[in-house]
There are 4 protein chains.
Amino acid sequence: MRTDSAPRPRGAVGRPAGPQPAKRQAILEAAVAVFLREGYTRASVDVIADEAQVSKQTVYNHFGDKQRLFLAAVEGERERVAARFTSGLTPELADEPKNEGEGAADAETALVSFGHRVLQVLLDERASALRRLVISEVARHPSLRPACADGEPQQLVTHLVDLLTDRTARGELSVDDPATVARQFVALLVQQGLHQSMYGTRPLPGHEAAAICERAADLFVRAYRR
Amino acid sequence: MRTDSAPRPRGAVGRPAGPQPAKRQAILEAAVAVFLREGYTRASVDVIADEAQVSKQTVYNHFGDKQRLFLAAVEGERERVAARFTSGLTPELADEPKNEGEGAADAETALVSFGHRVLQVLLDERASALRRLVISEVARHPSLRPACADGEPQQLVTHLVDLLTDRTARGELSVDDPATVARQFVALLVQQGLHQSMYGTRPLPGHEAAAICERAADLFVRAYRR
Amino acid sequence: MRTDSAPRPRGAVGRPAGPQPAKRQAILEAAVAVFLREGYTRASVDVIADEAQVSKQTVYNHFGDKQRLFLAAVEGERERVAARFTSGLTPELADEPKNEGEGAADAETALVSFGHRVLQVLLDERASALRRLVISEVARHPSLRPACADGEPQQLVTHLVDLLTDRTARGELSVDDPATVARQFVALLVQQGLHQSMYGTRPLPGHEAAAICERAADLFVRAYRR
Amino acid sequence: MRTDSAPRPRGAVGRPAGPQPAKRQAILEAAVAVFLREGYTRASVDVIADEAQVSKQTVYNHFGDKQRLFLAAVEGERERVAARFTSGLTPELADEPKNEGEGAADAETALVSFGHRVLQVLLDERASALRRLVISEVARHPSLRPACADGEPQQLVTHLVDLLTDRTARGELSVDDPATVARQFVALLVQQGLHQSMYGTRPLPGHEAAAICERAADLFVRAYRR
DNA sequence: GATGAATGAGGGTTCATTCAT
DNA sequence: AATGAATGAACCCTCATTCAT
């Protein structure tokens with residue numbers, strides 16, 4: 001990357017983007033919005049250009065063709081979503097070191113609390129739309145495979161591994177292979193959450209989310225309680 | 001693709017035209033094939049008509065418009081898939097009264113065996129494509145909601161409920177609420193199967209499928225072993 | 001309806017029309033309605049067939065093609081309109097030998113009264129639609145020329161010729177060539193009526209109609225008063 | 001039809017493309033030609049594009065859709081026709097300050113002369129086609145109402161008002177309300193001209209035109225001669 | 001590097017018309 | 001004589017992409 005031909009007023013030099021990084025960003029954001037809203041095929045480059053307040057050819061100058069623009073948009077949004085996970089799952093809670101309850105005395109309560117956080121990020125509107133988009137197109141765009149595999153962001157699992165390890169160390173649970181168990185727990189929550197919310201297409205009522213979390217926590221505590 | 005080799009509705013061979021309700025079936029089958037292959041937007045009515053060896057207007061005479069054709073195709077394929085579940089999960093095994101192992105002495109073995117059957121039907125190529133299609137379009141076609149909700153066909157869960165009830169009656173397990181537990185077990189399998197196969201986009205190696213099933217069985221046996 | 005296929009009780013044998021005269025009539029009426037409503041090109045044979053509650057092919061059996069159906073429809077409606085003129089200009093007044101006022105002492109009053117009747121039939125909704133239709137298509141269907149030439153139905157002119165002759169005989173007016181003068185009078189009314197009603201597309205307020213008639217009568221009385 | 005022989009916008013010859021606002025004009029001219037020839041529904045955007053030697057999408061880029069193109073074409077042609085009236089009724093006569101006879105001593109001769117000019121512009125081929133087109137579509141495109149109301153261009157009436165006022169001032173006629181009388185005179189000519197020429201569909205023989213004018217002049221002179 | 005104009009291909013839909021029953 | 005199913009040609013419109021400025 002980094003083609004900067006001529007002098008270019010130093011300052012924003014390290015940036016790896018192509019020409020006019022601000023426009024590139026505007027295009028990317030518009031592309032994300034439109035692709036999430038319309039899907040790959042329905043999304044039109046015209047609309048993206050309009051929404052980015054940029055000429056259509058500028059889009060082509062920056063991204064070459066629709067497919068590459070699409071992949072860039074997915075990648076960008078995926079990073080954005082992952083960042084949300086890392087930084088605390090939801091923007092508002094980003095600063096809190098731990099959500100209430102997760103450090104609670106009771107392992108079951110901690111799992112329930114973790115479950116709620118999983119569902120929260122999982123069913124976020126943009127994250128859901130991204131997931132549907134990736135599932136729609138993964139068969140046709142092999143480059144989406146990483147994005148598809150990352151459906152359950154690694155951060156979530158890591159976080160849960162820590163939790164399980166911790167509780168096992170405390171003698172509260174006895175989980176031998178926390179990685180596997182963590183993946184199972186997350187998988188269970190994800191599937192039930194997606195299924196009941198129609199893949200993020202309908203809001204999940206609070207009591208349904210609670211039931212999913214509580215039952216999952218109950219299952220795992222039954223299985224791994226010392 | 002497809003010049004004129006294979007299936008041809010069946011029945012009257014000599015006269016190629018006439019008021020054949022078989023054409024409706026041919027159109028529907030072509031529609032299923034094309035929609036599964038291309039997705040809703042990419043799929044073109046022209047191609048469907050060609051593939052059904054029928055004029056485009058005939059498609060419109062039968063189904064009114066693309067959306068209705070689409071919904072009919074989804075519904076048809078959904079029934080076909082459901083029928084496969086009911087009649088024994090896969091055509092080849094349709095006659096076997098029970099798969100090997102499921103009636104086995106060991107509850108864990110039985111769960112593993114059941115799990116394999118679930119993954120088998122789940123990852124069937126057409127079923128996967130249908131699932132991706134439904135997920136892709138459910139946000140735009142509300143009529144797809146039932147098809148989306150039926151992601152884990154009821155038959156599977158019912159079957160497992162029976163299994164759990166049976167084992168509980170035998171004193172091997174102690175499951176109070178078999179419906180809930182069955183849904184959890186299936187959900188776990190489904191999510192891990194879909195995730196690792198990229199929603200049916202890549203074949204799931206046998207050992208991965210086995211691991212998923214064994215770990216799930218282990219989890220549930222741990223939790224509900226008497 | 002009369003569907004009884006076979007022997008057909010003779011009696012209606014001489015009729016030159018096609019099969020099933022009742023259906024023919026239904027088709028014709030539907031055709032008139034649709035052509036007047038939609039124009040020639042927009043009108044679809046499907047819609048006409050539906051509206052006549054008849055199969056599309058039946059339409060073709062009776063009329064051959066769309067163009068012939070169109071011409072038949074125009075001819076039929078034209079006769080209907082002409083009949084309305086003859087029988088008293090409007091259905092309700094059909095029986096009255098003369099409209100009130102036309103036999104009045106004053107020639108001017110008689111002309112005004114006649115003018116109102118002209119405008120009444122002229123601006124009738126169906127007559128207007130027919131006129132627009134004929135004007136639309138006369139350039140493309142030479143067979144419409146008679147229908148176009150008959151824009152000011154002969155009956156109206158004849159009626160006025162009588163009136164003028166009568167008044168001249170009475171010594172009230174002195175019209176040498178009543179045919180010419182009658183055509184002028186009608187032409188003036190027609191043009192102003194059509195123009196102000198946008199060719200029957202907007203209802204003509206009573207006072208506008210009155211003004212047209214009064215001014216026309218004034219003009220002709222000024223010119224031909226003895 | 002039409003391989004590539006004739007007009008080609010004009011101007012730059014070497015480079016065939018580029019941001020030429022001349023294309024808009026070419027499209028408009030082709031649209032006028034095709035709509036006048038075929039009517040709204042029959043006219044196809046493809047044909048217009050071909051005739052303008054322009055891609056179909058270019059038409060859409062410039063005019064949005066068929067209806068707007070249609071309205072623009074009608075409006076353009078209407079202005080063209082009106083310009084013809086103003087600048088001397090027909091291009092060839094544009095320079096003559098006054099047509100022969102109109103300033104003649106005799107009011108009747110002046111009216112006859114004026115009548116000829118009216119018929120000349122009225123029965124111009126393009127003006128007639130425009131009139132038929134407007135009448136055809138005014139019921140379906142309300143934006144055509146102004147064009148319909150302007151069937152007798154204001155310029156004609158104004159001109160005649162002047163004439164009548166002048167003759168009245170000279171004491172030759174005594175017209176109290178010249179505006180009304182002028183409208184009547186024009187209406188009479190228009191209706192008889194349109195009627196006898198089948199709305200411009202058949203050429204009006206000279207003697208018929210003359211008869212119309214002479215009779216109309218006779219009528220009005222009879223009525224308003226001092 | 002950015003733009004507006006232009007393009008050719010193709011999409012869904014509808015039409016007038018004709019078979020086969 | 002009447003039907004329902006079928007057809008092929010068009011039509012309006014939109015798309016991804018590329019020139020010329």
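1. Angles under 35 degrees between two axes count as roughly parallel, over 145 as roughly antiparallel, 65 to 115 as roughly perpendicular and the rest as oblique. Axes are lines fitted to C-alpha atoms, for helices over the stretch in contact, and the angles run from 0 to 180 degrees between N-to-C directions. Helices (H or I, at least four residues) and strands (E, at least two) are DSSP runs, numbered from the N terminus.

2. The model is predicted, so that local features need pLDDT of at least 70 and side-chain atom pairs count only at pLDDT 80 or more, while totals for chains, interfaces and linings use all residues. Residues are numbered from 1 along each chain as its sequence is written, chains are lettered from A and ligands numbered from 1 in the order in which they are written, and side-chain values use heavy atoms, with hydrogens and water left out.

3. In chain C, helix α1 (residues 21–38) packs against helix α3 (residues 56–63) at an angle of about 100°, and their axes are 10 Å apart. α1(C) and α3(C) are therefore roughly perpendicular to each other. The contact (heavy atoms within 4.5 Å) is made by Lys23(C), Arg24(C), Ile27(C) and Leu28(C) on the side of α1(C), and by Thr58(C), Val59(C), His62(C) and Phe63(C) on the side of α3(C). By class, these residues divide into 4 nonpolar, 2 polar and 2 charged, where Ala, Val, Leu, Ile, Met, Phe, Trp, Tyr, Cys and Pro count as nonpolar, Asp, Glu, Lys and Arg as charged, and the others, Gly among them, as polar.

4. In chain D, α1(D) and helix α3 (residues 56–63) pack at an angle of about 100°, with axes 10 Å apart, and α1(D) and α3(D) are therefore roughly perpendicular to each other. Here Lys23(D), Arg24(D), Ile27(D) and Leu28(D) of α1(D) meet Thr58(D), Val59(D), His62(D) and Phe63(D) of α3(D).

5. Turning to the interfaces, 43 residues of chain D touch 43 residues of chain C. The two chains bury about 3,800 Å² between them, 56% of it on carbon and sulfur atoms; buried area is the accessible area (1.4 Å probe) that two parts lose on being put together, summed over both.

6. Between chain D and chain C there are 2 salt bridges, a salt bridge being a side-chain nitrogen of Lys or Arg within 4 Å of a carboxyl oxygen of Asp or Glu. One of them joins the side chains of Arg42(D) and Glu137(C) (3.5 Å, N to O). The elements that give two or more residues to the side of chain D that touches chain C are α1 (22–38), α6 (125–137), α7 (145–149), α9 (178–196) and α10 (206–224) of chain D, and α9(D) gives the most, with 10 residues. That side of chain D divides into 17 nonpolar, 11 polar and 15 charged residues.
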